[in-house]
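Here are some exercises to work through with the model open beside you. Try each task before reading its solution.

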Amino acid sequence: MPSALDTNMRFKFSIFALLLQVAITVLFGIFVKYKTGRQSEGLHPLFQDVHVMIFVGFGFLMTFLKKYGFSSVGINMLIAAFGLQWGTLMQGFWHMEDGKICVDINSMINADFSTATALISFGAVLGKTSPVQMLILTILEITIFACNEHLVTGIFQATDVGASMTIHAFGAYFGLAVSLVLYRPGLKNKHENEESTYHSDLFAMIGALFLWIFWPSFNSAIASDSDRTKAIINTYYSLAASTVVTFALSSLVDRTGKFSMVLVQNATLAGGVAVGTCADLLNHPFAAMCIGAIAGIISVLGFHFLTPVLASKLNIHDTCGVHNLHGLPGVLGGIAGIVVTAIQRTSGKSALHTPGMQAAALGSTIGIALAGGALTGAILKLPFLGQASDKNCFDDSIYWEVPEEEKLHVGHSNNYDEQSRFEATM
C-alpha cells in the first residue's frame, strides 16, 4: 500500500499555500479596486457559465482515473481558486489605471480564462505531480500566459475571442513541455492505476457534458455586444458537428466497431475549441460546422495515432490527451483565424486584423508555451519540492484521506476487463 506523505512535505505544502494566499491578499490590498463608471452586470450569466466550466467541467472531466478522482476534482479546485486571484493580478498589471487594477465582471471572466490554461496543463501531468508542484506551475504559467496574451492582443492586434490560441493551444503545449521534462521512465509501461472503471468514466462524462453545454458562453463572453450572438450560434453548431463526427469515427477506428468513451468525452468538445478564434467573425454557421467537423476528425485521429507516438517516441506522457482536445484543435482554430481574416476584412477595437498578425500570434503562442513549459518543468523537477514515487502515481491515498474500503480494494478483483485510456484509443 502507498505510504502517506511524510510530515516534512505536508508542512511544506501548508506553509507554502498559506504564504501564497497572504501575499496575494496584500497585493490585492495595494493594487486592486472596483471599477467605476460603466458596469458589466449584464455579463453575470456568462460569467456563471464560464465559472461552472472551470470548477465543474474541467474538474470532473479528469476523474476518469479509477483511484484519482479526489485529486482530479480537489486539486482542480485548488488550482482554480488560486489561479483566478493570480490571474486577476497578472492580467491587471497590463491594464492599470492610475496605478490600480480595476475589477468587474469582465475582469473576473478573464481571470477564469487565465486559470483555464493551468487546468489544461494539469491534464497533461495528471497523477504525476504533487500539490506544491501544481501551485508553482500555476504561478509560472499564468504569469507567462498574461505576457503572451498581451503580445497577441495588444502588440499583434490579433483576434482570438474564444482563445483557441491563447488558452487552448498555449495550455496544451505548455503542459506537454512540462510532461516531457518531468518524464518518468518507470511509467513508460502502463501503470496499474492508469486506467478507468465504468463509474469513473461516467463521472468524467458529467464533466464533458457541462463543458459541452456551456462552451458557447466561453467563446462569446468577451465578444462585443454586436457579435456575441453570432459567436454563440457558431459555437453551438460547431460543437454539434464535431460530436456527430466523433461518434462516427469512434466506431470506425475501433477494431470491433464499438464507441470509445475516451473519444466521446474529449473529441466531442474539439469543435468548441477550434471555432473559438473566429467564432465572432464567421458569417454563416456552415463555416462553423465545417471547422467543427474537421476538429472532430483530427481529435479522434490524434487520440488513435498520435498519442501512442508521443509516448513511445518522444517521451511525452499526456495523461488526459490534452494535445488532442486542446492542442491540435487550438492550432486548427489559429489557422481558421488566418484564413478568415485573409478572406474577409475584419477589424477590432483599434486595428485591422490581418492574416500575417494572426499567423504571428499562433506561432509566438506555441513557441512561448513550449519554452515556458520546459522552464517550468525544470523548476518543478528540483528535488526539494518532492513528489510521489512512480509506484504511487495516480493514487489519491498519497494526498487524501480516502474511505477505508477503497484503501483495501484490490484492483484485480474486478470481474470485467478494465482497459486503459491508452489502450482504448488503439
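**Exercise 1.** Find where Phe394 is placed, and state whether Phe394 is buried or exposed.

*Solution.* Start with the location: Phe394 is in the loop between H13 and helix H14 (404-408), where helices (H or I, at least four residues) and strands (E, at least two) are DSSP runs, numbered from the N terminus. Next, look at the backbone: Phe394 is not a glycine, yet its phi is positive, about 60°. Finally, check accessibility: Phe394 is buried, with a relative accessible area of 0%. Buried means under 20% relative accessible area, exposed over 50%, and partly exposed in between (1.4 Å probe, protein chains only).

A word on the model before you go on: it is predicted, so local features need pLDDT of at least 70 and side-chain atom pairs count only at pLDDT 80 or more, while totals for chains, interfaces and linings use all residues. Residues are numbered from 1 along each chain as its sequence is written, and side-chain values use heavy atoms, with hydrogens and water left out.

**Exercise 2.** Work out how many disulfides the structure holds.

*Solution.* Apply the criterion, a pair of cysteine sulfur atoms within 2.5 Å. The structure holds zero disulfides. Take Cys320: the nearest cysteine sulfur is that of Cys393, 14 Å away, and Cys320 is in no disulfide. Cys393 is likewise in no disulfide, its nearest cysteine sulfur being that of Cys320. As for accessibility, Cys320 is buried at 8%, and Cys393 is buried at 1%.

**Exercise 3.** Describe how helix H3 (residues 69-92) and helix H5 (residues 131-155) pack.

*Solution.* Two packed helices are described by the angle between their axes and the distance between the axes. For H3 and H5 the angle is about 35° and the axes are 9 Å apart; axes are lines fitted to C-alpha atoms, for helices over the stretch in contact, and angles run from 0 to 180 degrees between N-to-C directions. Now list the contact (heavy atoms within 4.5 Å): it includes Ile75, Phe82 and Trp86 of H3, and Met134, Ile142 and Phe145 of H5. Then sort the contact residues: 13 are nonpolar, five polar and one charged. Here Ala, Val, Leu, Ile, Met, Phe, Trp, Tyr, Cys and Pro count as nonpolar, Asp, Glu, Lys and Arg as charged, and the others, Gly among them, as polar.

**Exercise 4.** Examine what follows H5, and then the loop between H5 and H6.

*Solution.* First comes Gln157, which follows H5 and has a positive phi near 55°. Then turn to Ala163, placed in the loop between H5 and H6. Phi of Ala163 is positive too, near 60°, in a residue other than glycine. Ala163 is also buried, at 5% relative accessibility.
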